[in-house]
Amino acid sequence: MATSVASLHVPSLKTFNSESSAVTFEPFDLPSSNQRLLGPPHPPNTQSPLALRPSQDITSLDSIVSAIEALERDKTLTRLLAKHGTILFRDLPIRDADDFSKFAHAFAYKPHEIIGIVVDRPLLAPNVAPANEAPKEVRIYNHNESPQVPHAPEYIFFYAHKAPEKGGETPISSSLELFHRAQAEIPEFINLLAEKGILSKVTYRAERQYAGGSTLKEAFGKEILDDDDEDTKRKKIEAQIARYGRGEHTTWEWIDDEAGKGLVLTHRLPAIRTQAGTNLPTLFTGLAAYYKNTLEVRNETGAGRKYAAQQYFGDGTPIPQEYLAHLAKITDEIRVLHRWKEGDVLVYDNVIAQHGREPWEGHQSDRVVLASLFDGERVPGAYGFGNWAQVVQASEG
């Protein structure tokens, strides 16, 4: 639906830096393939992503940082994220990982520690790492960040340091809209998710299982020392798992089979959570991505990746494929593919917006997108009555 931001009455965001010079962010239109009007339950004429850029040429990163800090004193940008789900910032003086880190930290969110990371993300700058190191042929379908573990970030920042000529787009879709559509079209599935939740079984191996994946030590071994014996290593890993604070709803099993040593971690989790402030239900999940990846691996298209997680209903029964296929169908209908321009920054409210990654042509190094993850003031609320339905903030460690 082609509706310009001018007709939506999205105001410019004006602030002043310490030198009293105006820094104004103005909204602008993107092609319809990159931007759309969200459906219910979003307010009418809510655009995603909301695209912002400085109204004048700004060469000083400090000026941009000061402007963001000023806007966030009354949570202006956080409120916009809670409405639009995703904000694009373009034409900023961000040139590298350090610049990106400074910009992201200007929002004053708490840096997120990923406990049980399933991908390899080496640190490049404070709280900045590659978004994903999987081969360029691999499609990563729409999902919320870290749906397979209890402790997920509330905000995700992506920065395009290098953009490929063809492909490599980042999808954007609304988890609120996904729930609304699914409740109307497959209500029996939503009822089952609300009643049972999901069981997420994640296998971690001592050795890397696939390109771009993490090892058991990378996932849980930050306290492990080189001279620790096997029993000490296991105790330290189990201490990290305990930080989830899930009690009986998180269990684990140590394994040693033909594929090597490792650990299978099982979480009973809510696939439906609620947005703080509105209490609107959101499908916080990677189920459609799980389904799409299974198809591509089975069909040997080259776009699938070996997946370390298995998904079931919370009582351990299989999730019917037709439900997963319908989720993917809805997602295809409500998503846009953001075509990167070098220097772009996309900011997601991870509770209500899903992201992913499309394959690209050329070399692996033709696309360099960095990520920075942050926690919010509150975790998403529960949708349901079981004590498994409420996630908690992980303990400090």
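1. Lys329 counts as partly exposed, at 40% relative accessibility, where buried means under 20% relative accessible area, exposed means over 50%, and partly exposed lies in between (1.4 Å probe, protein chains only). This is a predicted model, in which local features need pLDDT of at least 70 and side-chain atom pairs count only at pLDDT 80 or more, while totals for chains, interfaces and linings use all residues. Residues are numbered from 1 along each chain as its sequence is written, and side-chain values use heavy atoms, with hydrogens and water left out.

2. Lys329 forms a salt bridge with Glu333, with 3.0 Å between the closest N and O atoms; a salt bridge here is a side-chain nitrogen of Lys or Arg within 4 Å of a carboxyl oxygen of Asp or Glu. The two residues are 4 apart in helix H10 (residues 321–334), which means that about one helical turn separates Lys329 and Glu333. Glu333 is also partly exposed, at 43%, and a network of salt bridges links Arg181, Glu185, Lys329 and Glu333. Helices (H or I, at least four residues) and strands (E, at least two) are DSSP runs, numbered from the N terminus.

3. In total the structure holds 24 salt bridges, and one of them joins Glu377 to Lys75, with the closest N and O atoms 3.9 Å apart. Glu377 sits in the loop between strand S21 (368–375) and strand S22 (381–382), and Lys75 in the loop between helix H2 (61–72) and helix H3 (76–84), so this pair ties together parts that are 302 residues apart in sequence. Glu377 is exposed, at 71% relative accessibility, whereas Lys75 is partly exposed, at 31%.

4. Asp226 and Lys217 also meet through their side chains in a salt bridge (3.9 Å, N to O). Of these two, Asp226 is exposed, with a relative accessible area of 74%, while Lys217 is partly exposed, at 43%.

5. An open sheet is formed by 3 strands in the order S16-S15-S22, with antiparallel pairing, and two strands are said to pair if DSSP finds at least two bridges between them. Strand S16 (281–283) and S22 are the edge strands, each pairing on one side only. Strand S15 (residues 272–274) pairs with S16 in the antiparallel sense over 3 bridges, and Ile272 stands opposite Leu283 in S16.

6. Helix H5 (residues 175–185) lies across S15 and S16 and runs at about 95° to S16. For such angles, axes are lines fitted to C-alpha atoms, for helices over the stretch in contact, and angles run from 0 to 180 degrees between N-to-C directions; contact means heavy atoms within 4.5 Å.
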